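Please look at the model below, turning it until you can follow the chain from one end to the other.

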Amino acid sequence: MKIATIIVRVLLGALMLFASISYFFNLMGEQPEPTGDLATLMAGFMASKYIFPVAKTIELLAGLMLVSGKFVRLGTIILLPISINIFLIHVVVTGTDIPMAAAILFANVFLIYANWDGFKEIVKP
């Protein structure tokens, strides 16, 4: 279980680092123009001017925490709302890439489960 936790932690952290760094440094180049409901959602995100920078900064910080192994519990908790949103956007809005979005959410939930002893105090009645 410990090796699986390390593998999942590093892979999820590396994925979040890649996504945030590629956003900030525009490494992905031109992306295809979204259509339909996704275009409407993205227009709203872009109109707010702060959603993407904040989300990508949180992804960067959480990715650094997960890859470094420092503050892993904090990294998993701050990444949970982003993972849920990634999953819901792919399921509800686009209907594509659902396995990848599910893998991200599953990895995050798995890391919370693996570190559950550290969260017991928070959820204690």
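Q: Is Glu 59 buried or exposed?
A: Residues are numbered from 1 along each chain as its sequence is written, and side-chain values use heavy atoms, with hydrogens and water left out. This is a predicted model, in which local features need pLDDT of at least 70 and side-chain atom pairs count only at pLDDT 80 or more, while totals for chains, interfaces and linings use all residues. Buried means under 20% relative accessible area, exposed means over 50%, and partly exposed is in between (1.4 Å probe, protein chains only). The relative accessible area of Glu 59 is 5%, so Glu 59 is buried.

Q: In which helix is Glu 59 found?
A: Helices (H or I, at least four residues) and strands (E, at least two) are DSSP runs, numbered from the N terminus. By that numbering, the place of Glu 59 is in helix H3.

Q: Which residues does Glu 59 touch, not counting residues up to four places away in sequence?
A: Contact means heavy atoms within 4.5 Å. With residues up to four places away in sequence not counted, Glu 59 touches Met 16, Ala 19, Ser 20, Leu 79, Ile 82 and Ile 86.

Q: What is the relative accessible area of Leu 79?
A: Leu 79 is placed in helix H4, which covers residues 72–94. Leu 79 is buried because its relative accessible area is 0%.

Q: How many helices does the protein chain have?
A: Read along the sequence, the chain follows the pattern α-α-α-α-α-α. The chain has 0 strands, and its number of helices is 6.

Q: What share of the 125 residues in the protein chain is buried?
A: Along its principal axes, the C-alpha trace of the chain spans about 45 × 30 × 25 Å. Among contacts between residues at least 6 apart in sequence, 67% join residues at least 24 apart. Of the 125 residues in the chain, the buried share is 24%.

Q: Which residues lie nearest the centre of the largest pocket?
A: On a 1 Å grid over the protein atoms alone, a cavity is a set of points where a 1.4 Å probe fits but cannot get out, whereas a pocket is an open set with protein on both sides within 12 Å along at least five of seven lines, and lining residues have an atom within 4 Å of a point. Helices H1 (2–24), H2 (36–48), H3 (51–68), H4 and H5 (98–114) each supply at least two residues of this pocket's lining. Of the 42 lining residues, those nearest the centre are Met 42, Phe 52, Lys 56, Glu 59 and His 90.

Q: What is the volume of the second largest pocket?
A: A volume is the space filled by probe spheres set on the grid points, which are joined across faces, edges and corners. The largest pocket holds about 1800 Å³ of space. For the second largest pocket, the volume is about 150 Å³.

Q: Which element gives the largest share of the lining of the second largest pocket?
A: Val 8, Leu 12, Met 100 and Phe 110 are among the residues that line this pocket. Two or more residues of the lining come from each of H1 and H5. The largest share, 6 residues, comes from H5.

Q: How are the rings of Tyr 23 and Phe 24 paired?
A: Rings of Phe, Tyr and Trp (its six-membered ring) pair if their centres lie within 6.5 Å, and planes under 30 degrees apart count as stacked, over 60 as edge-to-face and the rest as tilted. By this rule there are 5 aromatic pairs. The centres of the Tyr 23 and Phe 24 rings are 5.3 Å apart and their planes lie at 70°, so the pair is edge-to-face.

Q: What angle lies between the planes of Trp 116 and Phe 119?
A: Trp 116 and Phe 119 are separated by about one helical turn because they are 3 residues apart in helix H6 (residues 116–123). Trp 116 is partly exposed at 37% relative accessibility, whereas Phe 119 is buried at 5%. Their rings form a tilted pair, with 6.3 Å from centre to centre and an angle between the planes of 50°.
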